[in-house]
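Subject: Structure handover and notes

Hello,

Please find the structure below. My notes on it follow, for you to read alongside the model.

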Amino acid sequence: MSAALACCDMPTLLDRIRQAHGWTQTDLAAAVGYSQSWVSKVLRGVQPLTIDQVRELSRRLGIPAGLLRLGDAGGDDPTNRRDFGKAVALALLPVPSRTPVDETTAATLTAVTGGQRRLDATTPARELVRGVVAHVEMADRLHERAGDGPLAAGIAAALSEAAGLAAWLHADMLDVGSARRYYRLAVDRACRAGHDLLAVYMLGSLAAFEIEADDPALGLAHVAEARRRLDSCPHPTPQAWLRAIEALGHATARRDEQRATRALLAAERAVEAAPATAPPWPWVFPFDAAKLAGHRALVAVRLGRPDQALAAFAEFAGGRGKAACRTAAPKQRAAVMLEVATAVRQSGSRWRDTERVDEAFRLAGEALETGLTYASERIVQRARRFRREYTGPVTESVREFDDRLGVTFG
């Protein structure tokens with residue numbers, strides 16, 4: 001079931017429901033009011049379903065419609081109809097409300113979150129968020145059902161991960177209030193799980209969000225709280241990551257170059273001290289010299305040091321390798337591209353170099369196109385900020401960017 005949920009394999013999910021009831025295909029057909037041959041085609045994945053049909057199936061099988069999060073009847077569009085399988089899988093259709101928690105519950109919840117994270121790389125947040133929120137709510141109910149039992153901690157940790165993803169999606173939609181609420185839920189459930197490192201990860205993620213949302217002072221406060229929780233874990237990876245976020249906070253808050261530099265040096269020392277072994281969960285990849293270079297570049301952009309920023313971006317790209325840069329998620333690539341564009345624009349503005357300005361707007365235009373394609377309000381908002389910060393002459397490249405952005409600047 002976990003594998004089917006993670007892969008959004010609807011025929012397998014329906015077959016597991018059938019097996020859970022001990023039904024034959026004929027029994028399932030009778031329960032849903034369709035023919036056995038129709039059911040057979042659905043289970044073999046050759047019969048597409050519409051969302052209206054899913055609603056009907058849910059009523060006949062006694063599945064609460066609220067779990068499906070599919071909206072009002074007749075209000076869905078053809079795209080949603082074709083993509084119903086993903087929506088149902090992400091809404092945790094196979095988990096009925098009376099199912100007791102057991103030793104597989106936390107693993108199942110984590111598997112669903114993993115599948116949703118993979119979808120985030122190629123799916124607009126607004127298309128994914130309803131399923132993720134439904135998953136968070138289901139996980140919260142299961143956590144309540146676990147009470148103070150031995151399974152509660154594992155379910156709380158799984159819930160924290162799911163809430164962190166919900167926060168990320170809402171941040172991408174620029175729903176700041178909801179993003180904060182889910183980040184705080186993620187931190188709280190990580191604390192209930194007794195998992196300090198998970199709490200640190202969620203606090204650091206919240207700090208990075210607040211810094212990007214133009215509240216760096218609050219972000220730095222979250223970093224400080226996260227560092228206090230790290231006393232019990234001296235592993236260099238979270239230390240380096242938090243110091244890098246702290247540096248960005250200082251650079252954004254008051255362009256405090258001295259404190260930002262100190263934080264970056266501390267992060268560098270932590271990176272050098274990191275063992276060759278895998279980092280502790282929930283960090284999946286090491287925070288290495290290349291990733292630190294990426295943060296150093298962001299700090300330099302905030303401090304208005306374009307030459308340093310471009311050199312650090314080159315180190316970041318070289319450290320990761322060209323193949324790794326090409327395979328990065330589109331929205332992640334777009335965010336980095338806008339930062340590079342800002343550094344190029346800063347250098348061009350300083351030297352009144354129109355060629356550099358044109359290159360900056362070309363890069364920013366590519367990033368904007370990605371933001372529009374994936375309906376990422378976060379990327380589009382960054383593109384707007386990029387344009388607002390430019391006060392030079394309006395060249396042809398600038399006019400093309402304005403046309404795509406749909407705004408007019410005097």
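A residue is called buried here when its relative accessible area is under 20%, exposed when that area is over 50%, and partly exposed in between. Please keep in mind that this is a predicted model.

Overall make-up

The protein chain contains 22 helices and zero strands. It has 410 residues, and 49% of them count as buried. Its accessible surface is about 19400 Å², with 52% of that belonging to carbon and sulfur atoms. Among contacts with a separation of 6 or more, 64% are between residues 24 or more positions apart.

Helix 11

Helix 11 covers residues 176-192, which makes 17 residues. From its first C-alpha to its last it reaches 24 Å, close to the 24 Å expected at 1.5 Å a residue. Its buried residues are Ser178, Ala179, Tyr182, Tyr183, Leu185, Ala186, Val187, Arg189 and Ala190. What do they pack against? The partners are helix 9 (125-146), helix 10 (152-172) and helix 12 (196-212).

Two charged residues deserve a look here. Arg189 forms a salt bridge with Asp188, with 2.3 Å from N to O. Arg189 counts as buried because its relative accessibility is 10%, under the 20% limit. Asp188, at 31%, is partly exposed.

Arg180 is also in helix 11. Leaving out residues up to four places away in sequence, Arg180 touches Phe209 and Glu210. The C-alpha atoms of Arg180 and Ala167 are 6.8 Å apart, while the two residues are 13 apart in sequence. Just after the helix, Gly194 has a positive phi of about 70°.

Helix 14

Helix 14 spans residues 236-254. Of its 19 residues, 14 are buried, so the helix is mostly covered. Its end C-alpha atoms lie 27 Å apart, which agrees with the 27 Å that 19 residues should span at 1.5 Å a residue. Arg255 follows the helix and has a positive phi, near 50°.

An α-helix has 3.6 residues a turn, so residues three or four places apart point the same way. Buried or partly exposed: which applies to Glu246? Glu246 is buried, at 11% relative accessibility.

Other salt bridges

The total comes to 22 salt bridges. One of them joins Arg362 and Glu366, at 2.4 Å from N to O. These two are four residues apart in helix 20 (residues 354-373), which puts about one helical turn between them. Both Arg362, with a relative accessible area of 41%, and Glu366, at 38%, are partly exposed.

There is also a network of salt bridges that links Asp120, Asp172, Lys331 and Arg378. Which residues does Ser376 touch, if those up to four places away in sequence are not counted? They are Asp172, Lys331 and Gly371, and Asp172 and Lys331 are also members of the network. Ser376 sits in the loop between helix 20 and helix 21 (377-388). Its relative accessibility is 0%, so Ser376 counts as buried.

Nonpolar cores

In soluble globular proteins, nonpolar side chains tend to be buried together. Here the largest nonpolar core has 67 residues. Those with the most contacts inside it are Val132, Val136, Leu169, Tyr182, Phe287, Leu292 and Val299. Helix 10 gives the largest share of this core, 13 residues. Tyr182 is also one of the buried residues of helix 11.

Phe287 is in contact with Thr237, Ala240, Trp241, Ala244, Val271, Leu292 and His295, leaving aside neighbours within four places in sequence. A second, separate core has 20 residues, including Ala334, Ala360, Ala364 and Tyr390.

Regards

Conventions
Residues numbered from 1 in each chain as written. Predicted model: local features only at pLDDT ≥ 70, side-chain atom pairs only at ≥ 80, totals over all residues. Heavy atoms only, no water. Salt bridge = Lys/Arg side-chain N within 4 Å of Asp/Glu carboxyl O. Buried < 20%, exposed > 50% of the residue type's maximum accessible area, 1.4 Å probe, protein only. Expected span 1.5 Å × (residues − 1). Contact = heavy atoms within 4.5 Å. Areas by Shrake-Rupley, 256 points an atom, 1.4 Å probe, with all protein chains shown as cover. Core = buried A, V, L, I, M, F, W, Y, C linked by side-chain atoms within 4.5 Å.
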